[in-house]
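Subject: Structure handover

Hello,

Here is the structure for you to look at. My notes on what turned up follow below.

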Amino acid sequence: VSPPEAQTITETQSTRTRATQADAGSGAVPFRPGVLDLGTAGGPSLAGSRCPGCGAHFFPARHVCSGCLTEDLDLVPLSRTGTIYTFTVVRQSTPDFTAPYLLGYVDLPEGVRVLGLLVGLGEGKATIGMTVTLATQPKGTDADGCEIVGYCFRPAEPLGGDDG
Amino acid sequence: MAEVYVIGVGMTRFGKHPDQDSTQLGVTAIRAAIRDAGLDPRRIQAAYCGHVFQGMVTGQRILAQIGLAGLPLANVENACSSGATAIREAYLAIKAGEYDVVLAVGTEHMTTRFKGALTPDPGDIEAAVGLTMPAVYGMRAVRYLADHGVRWEQFAAIPVKNKKNAALNPFSQFQQPVTREAVLSSRPIADPLRLLDCAPVSDGAAAVILAGGQTARSLAGARGIRLAASALRTGEVPVAPGSMSFEPLTAATALDAYERAGIAPADVGFAEVHDCFTIAEALRVEGLGLFEPGSYPAAVERGRG
């Protein structure tokens with residue numbers, strides 16, 4: 001059990017983190033610190049890191065480049081559009097998620113593969129190589145009443161049919 | 001350097017054991033291994049305990065129950081490789097010349113810890129996004145089928161083979177053979193994986209006793225089995241994302257083991273392979289160099305798996 005002083009410090013840091021990450025307009029907070037930037041121009045973006053030594057990109061952001069061991073990588077917003085590398089329909093999950101849902105790995109142009117929910121796609125309509133774009137989705141509210149926002153991917157082009 | 005032999009093995013039946021905890025399961029496995037070795041337990045000099053979800057000092061709890069408290073012991077966690085890593089640590093301790101007789105035990109009580117699919121560690125972002133372990137392998141399967149031009153129905157031969165083997169094994173969880181039709185009509189879990197493509201949630205334990213060459217010959221005579229090599233690697237964080245339908249990590253680790261043992265894949269006559277999901281079995285045996293990439297499903301269909 002932490003002493004009372006330590007708890008106070010933790011709460012203060014936590015509050016500050018939320019305050020700096022909250023979207024000024026909506027009061028929304030990312031589902032996890034340092035992953036999703038809601039304030040970038042042109043829409044939300046994933047927060048990755050770029051190695052100033054060799055140019056490699058990573059997501060989530062890392063401190064050290066696994067290719068050349070350069071330290072202190074630059075934080076950069078990643079491209080919003082990528083292609084589906086592979087996918088699955090999860091039909092049995094944990095109590096935290098309601099199955100079925102479509103999950104996929106998306107390759108971004110920076111050479112980063114990101115796992116995410118695929119939305120706006122009817123069952124059987126996901127394909128390897130399909131172009132998808134980053135989107136956000138609500139994931140409930142936190143203790144302060146701020147909306148928690150997660151990320152997902154949806155088709156870059158509207159699909160035919162009535163389930164897009 | 002010292003040669004290392006397996007001189008005793010023991011295990012519980014795998015399955016649901018609501019009346020026993022991981023300590024009791026571990027005790028059962030170790031006592032069986034000691035009996036199998038015909039060993040005075042006081043000759044055991046050190047122990048390693050592999051587990052993932054059983055909490056602090058699991059190995060110490062087990063040793064206390066069998067009169068071996070006080071031995072040098074380390075608990076090791078390496079996900080699905082925890083038990084194998086415990087054996088490796090025991091092997092290295094003997095090879096280093098520090099000990100002569102070492103115990104390795106793995107124990108897990110999963111049915112009290114999981115409802116539904118296993119997930120990554122809650123601290124991993126993948127878990128927060130909705131990843132389950134079956135989903136990992138479902139996605140690998142989708143990519144494998146596309147990359148190798150394989151039909152998913154071919155994979156049904158894998159659980160048919162494994163359940164046929166399990167029916168002959170008194171320690172296996174499910175001892176009934178299954179048909180191809182039953183596999184392909186079982187409940188969907190993470191497309192294309194169905195229930196019979198997935199490892200069950202199990203409780204169980206297994207133990208081995210290892211000894212240096214001279215001791216092994218005096219204790220076990222010709223019964224000891226030489227442990228020719230142990231190789232361990234961990235996954236990298238790739239700078240560029242790689243193929244998910246072949247496992248370079250498995251291939252590199254296998255190469256380490258083959259080189260140390262002085263054999264080639266063609267020399268392997270029998271393989272017991274981690275098969276948490278049917279697609280995993282294909283990825284592993286192909287990574288091990290026992291089959292060409294993409295060739296395993298067809299080989300199993302022909303009865304050559």
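Arg91(A) and Asp191(B) join their side chains in a salt bridge, at 2.7 Å from N to O. A salt bridge here is a side-chain nitrogen of Lys or Arg within 4 Å of a carboxyl oxygen of Asp or Glu. The count between chain B and chain A is one salt bridge. Over all chains, the count comes to nine. The pair crosses between chains: Asp191(B) sits in the loop between strand 5 and strand 6 (193-194) of chain B, and Arg91(A) in the loop between strand 6 (81-90) and strand 7 (101-108) of chain A. Helices (H or I, at least four residues) and strands (E, at least two) are DSSP runs, numbered from the N terminus.

A note on the source: this is a predicted model, where local features need pLDDT of at least 70, side-chain atom pairs count only at pLDDT 80 or more, and totals for chains, interfaces and linings use all residues. Residues are numbered from 1 along each chain as its sequence is written, chains are lettered from A in the order in which they are written, and side-chain values use heavy atoms, with hydrogens and water left out.

**The interface**

Chain B gives 36 residues to the contact and chain A gives 37 residues (heavy atoms within 4.5 Å). About 2800 Å² is buried between the two chains, with 63% of it on carbon and sulfur atoms. Buried area is the accessible area (1.4 Å probe) lost on putting two parts together, summed over both. On the chain B side, Ile125(B), Val129(B) and Met139(B) lose the most area to chain A, together 23% of what that side buries.

**The cavity**

How many cavities of 30 Å³ or more does a search of the whole structure find? The search finds one. A cavity is a set of points on a 1 Å grid over the protein atoms alone, where a 1.4 Å probe fits but cannot get out; lining residues have an atom within 4 Å of a point. The largest cavity holds about 50 Å³ of space, where volume is the space filled by probe spheres set on points joined across faces, edges and corners.

Both chains line the largest cavity: Phe31(A), Leu117(A), Gln137(A), Lys139(A), Gly150(A) and Tyr151(A), with Ala128(B) and Val129(B). Strand 9 (131-141) and strand 10 (147-155) of chain A and helix 4 (125-129) of chain B each give two or more residues to that lining.

Best wishes

Methods:
On a 1 Å grid over the protein atoms alone, a cavity is a set of points where a 1.4 Å probe fits but cannot get out, and a pocket is an open set with protein on both sides within 12 Å along at least five of seven lines; lining residues have an atom within 4 Å of a point.
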